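Let us read a protein model together, one question at a time. Keep the sequence and the 3D view open.

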Amino acid sequence: MDILPFSAAAVRATKAPTGATPGILSERAAEIADRLAPRVISPSLLADLWRLVEMVALTAVSLAIIALYDMPSGPVLWRYVIVSLCGGIAGISAIQTFGGYETTTFRRLYGQLVPVAAGWATAVAMLALGFFFLKIQNEMSRVWLALWFTLGAALLLSARMALGLRVRRWASAGKLERRAVIVGGGPAAEKLIEEIERQPENDLRICGIFDDRDDRRSPASVAGYPKLGNVRDLVEFARRASIDLLIVSIPVSAEKRVLELLKSLWVLPIDIRLAAHSAQRRFPSRSYSFVGRVPMLDVFHKPIADWNSIVKRLFDIVVASFAILALSPVFVAAALAVKLTSKGPIFFKQKRHGFNNRIIEVFKFRSMYHEMADPLAKRVVTKGDRRVTPVGRFIRKTSIDELPQLWNVIRGELSLVGPRPHAVHAQSSTQEAFIEIVDDYFGRHKVKPGITGWAQINGYRGEIDQPEKLKHRFDYDLFYIDNWSILFDIKILVLTPIRLLKTENAY
């Protein structure tokens, strides 16, 4: 987690009166949340994707001209290929410099043509200058370069016109936007909203206001936007709606109150910003981001967002599909063993907490006698537990009972690697609910749960008979969330079979 200027430790150590427990939404808030549930097109993903499209298009135009005009051979051909790739990269870099990939630029039907044309002209000029300094201008075709510039510009500009029309349709339909809620009402929120709305091409959509203060200190409507509830209600609202950004419109000087709010809100998997429009700049410029021209202090960032989430999802689908095929004999053997040795279904389904604390149904091979099954997990499985069948004891120790969760991965409910999903009413062996043992328990749900995780690799699996075990598990889960990378996932997957050999905590 990255928090400025407040440390994550300070946030977690602060006592928050609202807590992280979701509230019950009013009828109006529930209606708005349900209306905002459908996914929208991420502006940052659109920009990244269009960069890739234009780079490939520019490179392809150059190679097509080479192939149709006068195909060189040998080292000269490879020189053209390398220059084509460099030209494509230089093109998008120059267009980026002229602001050609900003969401506000995409929305301008004709206004985006200037930065695109200027960027591409600059890139071609840089290539020509490079040829001169490298003394290869006589070896590169001037006709090729002129055609590349002309056809490349025509392709870029015509594609941008089509994109502009499409982006306008998406924007009018509410699909291309960043959805935001504001925490804190009154004059500060009103001033913030006015500054944001002064920029008509801003892609931010304000969806409502939440404030713990009563209507006397914080009116029911601010600048035309309704107050939908308090901060506890916001936790539930953000879990039901698709929200991208949470803006705290409380002065930085009110540090205690800000910390209390962040204590409640950091468990949500969304970007959190602290409005700094009415405060003097007291922090380094890199601490700020901007909504249009309104400065914001970056507090928390959504983990595993945008392209990282796509990469992780593709990795999950590919590896899980391969694992299902490779382990199909184990699937068949386990299913037969469960079915032939005890009455009841082969599979066991249990409701667990998933991403953003939403409820999911997780599949497992049934390891208990059917009549003694405990779908609510109110009683922890202990060593020598009579509810566990002989076959169940083996598949639990070897974690074969977890293999059906690969289907949950394919369905998108689980990831291969992540914090292990706990049952909705999970308790320790001392009958303490997990949310009572760890105050910030829901913070582990900021990413999709996994079949295996960093905590399990470090020995924290199986029975939780001491509060410290859950706390250590929680700390390892947070470490994973804060330090995720695809290489980290691969490391955990490679270590999982080795760690499974240590089965002293699995019953």
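The model is predicted: local features need pLDDT of at least 70, side-chain atom pairs count only at pLDDT 80 or more, and totals for chains, interfaces and linings use all residues. Residues are numbered from 1 along each chain as its sequence is written, and side-chain values use heavy atoms, with hydrogens and water left out.

Me: How many helices and strands does the protein have?
Reply: Helices (H or I, at least four residues) and strands (E, at least two) are DSSP runs, numbered from the N terminus. For the protein, the count is 18 helices and 12 strands.

Me: What percentage of the residues count as buried?
Reply: Buried means under 20% relative accessible area, exposed over 50%, and partly exposed in between (1.4 Å probe, protein chains only). The protein has 507 residues. The buried share is 49%.

Me: Is Tyr 69 buried, partly exposed or exposed?
Reply: Tyr 69 sits in helix α3 (residues 43–69). Its relative accessible area is 47%. That value lies between the 20% and 50% limits, so Tyr 69 is partly exposed.

Me: Which residues does Tyr 69 contact, leaving aside its neighbours within four places in sequence?
Reply: Contact means heavy atoms within 4.5 Å. With those neighbours left aside, the partners of Tyr 69 are Ser 141 and Val 143.

Me: What span does α12 reach from its first C-alpha to its last?
Reply: The expected span of a helix is 1.5 Å times one less than its number of residues. α12 has 14 residues, and 20 Å is expected. The model comes close to this, at 20 Å.

Me: Why are the buried residues of α12 on the same side?
Reply: The buried residues of α12 are Phe 331, Ala 334, Ala 335 and Val 338. The arc is that of the directions from the helix axis to the C-beta atoms. These residues lie on the same side of α12 because they cover an arc of only 100°.

Me: Which exposed residues does the face of α12 turned away from its buried side carry?
Reply: The buried residues of α12 have cover that includes α11 (307–326), β10, α13 and α14 (405–411). The face turned away carries the exposed residues Pro 329, Val 332 and Leu 340.

Me: What do the buried residues of α13 pack against?
Reply: In α13 (residues 390–397), the buried residues are Gly 392, Ile 395 and Arg 396. On the other side of α13, Pro 390 and Phe 394 are exposed. The buried residues pack against α12 (328–341) and β10 (359–365).
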